[in-house]
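The tour moves from one selection to the next.

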Amino acid sequence: MTPSSVLILGARSDIGRAVARRFAQSGASVILAARRADGLADELADLRIRFKVAAEAIEFDVTDGEAERFFDALPELPHTVVMVVGLLGDQPRSEADLDAASAVMATNYTGPACYLLAAARRMAMRGSGCIVGISSVAGDRGRQSNYVYGSAKAGFTAFLAGLRNRLFRRGVTVVTVKPGFVATAMTAGMKLPPLLTAQPDEVGQAIFTAVTKGKDTIYVRPIWRLIMAVIRNVPEIVFKRLSM
Ligand SMILES: NC(=O)c1ccc[n+]([C@@H]2O[C@H](COP(=O)([O-])OP(=O)(O)OC[C@H]3O[C@@H](n4cnc5c(N)ncnc54)[C@H](OP(=O)(O)O)[C@@H]3O)[C@@H](O)[C@H]2O)c1
């Protein structure tokens with residue numbers, strides 16, 4: 001099944017743009033939703049010229065509490081909705097400044113979950129569609145180095161699992177994406193091990209394949225499934241003594 005249309009929420013991100021290109025390559029029309037959407041003219045022109053698909057951009061802020069209005073204003077409910085938005089934040093800053101912590105939680109969990117609830121209800125009524133949420137391996141186990149971000153992603157992962165279960169008999173599929181490390185603006189300046197680090201186009205391809213094959217949860221580089229199985233199974237009495 002190849003989706004006829006896709007909505008990318010958080011479309012200016014490196015991963016969002018890669019997802020848009022991959023779906024457009026298959027002939028899907030594309031809606032790019034992002035803050036400062038009027039700055040996406042180059043991306044729109046690229047999609048229209050290179051892939052000969054319809055492409056438009058719309059303004060969107062995941063924390064604005066306007067999800068119902070956002071979906072009501074769309075000319076048509078797209079087949080696939082991909083939630084790409086995320087905010088890594090800074091763990092020491094989140095510990096010192098509760099507004100910073102709250103922004104990380106809202107951007108990675110409550111905001112995305114509310115937008116996807118609004119999409120899910122409409123897809124369930126239609127009886128078809130696919131919802132994709134980009135979560136993180138950071139949500140597989142809380143670690144001292146990034147547990148505010150990790151806990152928000154853990155909440156988002158649980159939300160996506162429940163949504164998948166809820167929509168299973170309504171003709172709507174839900175894909176949870178755990179990318180592992182990806183070379184993007186979010187990780188710029190970090191020293192990442194090449195074997196464990198995907199490129200944005202790899203993530204775009206993995207998401208496209210997962211949507212067309214009806215997958216549930218994907219780790220973009222399969223090695224991450226093994227790594228996280230090990231990390232999840234370290235006994236707490238040992239884990240709390242580690243510097244991770
Ligand atoms: N890179 C990695 O290693 C990695 C690993 C695991 C998971 N992920 C996840 O992958 C997703 C994409 O991340 P990325 O690596 O491509 O990083 P990125 O380029 O920093 O993308 C994050 C995007 O979220 C958008 N955003 C943040 N707050 C928003 C808000 N309130 N409303 C609307 N959009 C907002 C940003 O928009 P602006 O352009 O307006 O700032 C940006 O485009 C995120 O969910 C991230 O958590 C990334």
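Start at the ligand. By class, the shell of residues around the ligand holds 13 nonpolar, 8 polar and 4 charged residues. This is a predicted model. Select the shell itself: 25 residues surround the ligand, and the closest are S13, I15, G86, T184 and M186. The elements that give two or more residues to this shell are α1 and β7 (181-182).

Next, select helix α2, residues 41-51. Which residues of this helix are buried? They are E43, L47 and F51. Now turn to the face of α2 away from its buried side, where the exposed residues A41, D42, A45 and I49 are found.

Then step past the end of the helix to K52, which follows α2 and has a positive phi, near 55 degrees.

Finally, zoom out to the whole chain. It has 9 helices and 9 strands. The radius of gyration of the chain is 18 Å, close to the 18 Å that the globule rule gives for 244 residues, so the chain is as compact as a globular protein of that length. Along the principal axes, its C-alpha atoms fill a box of roughly 55 × 40 × 35 Å. Colour by burial: buried residues make up 43% of the 244 residues. Among contacts between residues at least 6 apart in sequence, 67% join residues at least 24 apart.

Notes
Residues numbered from 1 in each chain as written. Predicted model: local features only at pLDDT ≥ 70, side-chain atom pairs only at ≥ 80, totals over all residues. Buried ≥ 20, exposed ≤ 12 C-beta atoms within 10 Å, placed from the backbone. Helix = DSSP H or I, 4+ residues; strand = E, 2+ residues; numbered from the N terminus. Near = placed C-beta within 6 Å. Nonpolar A, V, L, I, M, F, W, Y, C, P; charged D, E, K, R; others polar. Rg over C-alpha atoms; globule rule 2.2 N^0.38 Å. Contact = placed C-beta atoms within 7 Å.
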